[in-house]
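My notes follow the order in which I looked.

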Amino acid sequence: VAESAIQDLISKKPAFILGAYGEACSLVASDYIKKAKIPAITISTTNPLITANNDYYFRTSFSDSSQGAALASFAIEKLKAEKIAIIRTTDDDAANAVYKSFTGKVDTLKKNDNAIVDTEEITLNQLDYTDCLKNIIKSKATVVFMPVSINTAGKIFEKATELKMFNVIFVGTKDWHEDEFITVSKKYSGIKAVLASDFSNNVAISEPSANATAFLKAYQTKYGEDAVPATETALAFDAYMLAIKSIEEAGSTNGTAVRDKLALIK
């Protein structure tokens, strides 16, 4: 279906393509976009392969690798972590990409000071995390990086609560930025957890950009003052504004000209 959809879009000769939101669909679209030389922006995907080796495909979300590096910087610089433990799922490509960039950045920031004191590998459907968490307690880690699903995080938080791991901060990826995670957090209120996100309506920005202000005002005008836009909605707005800006600056709808202007936007 994705293959048919991208071919149909290209046949209409658009100046720009926005989407998709899904990893698999965007991967399918990538080669077609490259051959057609039509600039495109994938909205919320993090797989680096989608835009790799494709000068015409861009993203508004961060990639798995940049997310891992950012979380490592946060753990070292903001959380002041001296000892970090990691829980990662085996045979998960996305988790491995985040894991590699996280550990690489930690090594750079700590100058190979052995800040990562324990790495626990778990399976996708693992039921018991007792040994895993007891090993982390022994390591005396104060931060635990967990590129795992919300469902897995919930099971780990349950066991961590039993073991009274209330002095540890669990760090998660953008996969945790869902309403489901709020429910999990309330259930295990003694657990400290932080996560990455492309967008949050609750983050205080000292000097919000004109675009951010315009976006939130327009969204709340349409959907109500208490309406909170989803991350994907904010990213889609970014993608649209980037498309418009690059077309305006190119003064043309020629694919290569628009692509070249888009590539210059910081």
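**Helix pairs**

Axes here are lines fitted to C-alpha atoms, for helices over the stretch in contact, and angles run from 0 to 180 degrees between N-to-C directions. Helices (H or I, at least four residues) and strands (E, at least two) are DSSP runs, numbered from the N terminus.

A note on sources: this is a predicted model, so I took local features only at pLDDT of at least 70 and side-chain atom pairs only at pLDDT 80 or more, while totals for chains, interfaces and linings use all residues. Residues are numbered from 1 along each chain as its sequence is written, and side-chain values use heavy atoms, with hydrogens and water left out.

Back to the pair: H9 passes H10 in a right-handed crossing. A crossing is right-handed if the near helix is turned clockwise from the far one by less than a right angle, and left-handed if anticlockwise. On the H9 side I listed Leu242, Ser246, Ile247, Glu249 and Ala250, and on the H10 side Ala257, Val258, Lys261 and Leu262. Contact means heavy atoms within 4.5 Å. By class I get 6 nonpolar, 1 polar and 2 charged residues for H9 with H10. Ala, Val, Leu, Ile, Met, Phe, Trp, Tyr, Cys and Pro count as nonpolar, Asp, Glu, Lys and Arg as charged, and the others, Gly among them, as polar.

Next I went to the other end. The axes of helix H1 (residues 2-11) and helix H2 (residues 23-36) come within 9 Å and cross at roughly 30 degrees. H1 and H2 are therefore roughly parallel, a label for angles under 35 degrees. This crossing is right-handed. Ala2, Glu3, Ile6, Gln7 and Ile10 of H1 meet Cys25, Val28, Ala29, Tyr32, Ile33 and Ala36 of H2. The H1 contact with H2 has 9 nonpolar, 1 polar and 1 charged residues.

Buried means under 20% relative accessible area, exposed over 50%, partly exposed in between (1.4 Å probe, protein chains only).

I flagged the peptide bond from Gly19 to Ala20 as cis, with omega near 5 degrees. Ala20 lies in the loop between strand E1 (17-18) and H2. Lys13, not a glycine, has a positive phi of about 55 degrees and sits in the loop between H1 and E1. Asp91 has a positive phi too, near 60 degrees, in the loop between E4 and helix H4 (93-110). Lys13 counts as exposed at 71% relative accessibility, and Asp91 counts as exposed at 78%.

**Whole chain**

Terms used:
Parallel < 35°, antiparallel > 145°, perpendicular 65-115°, else oblique.
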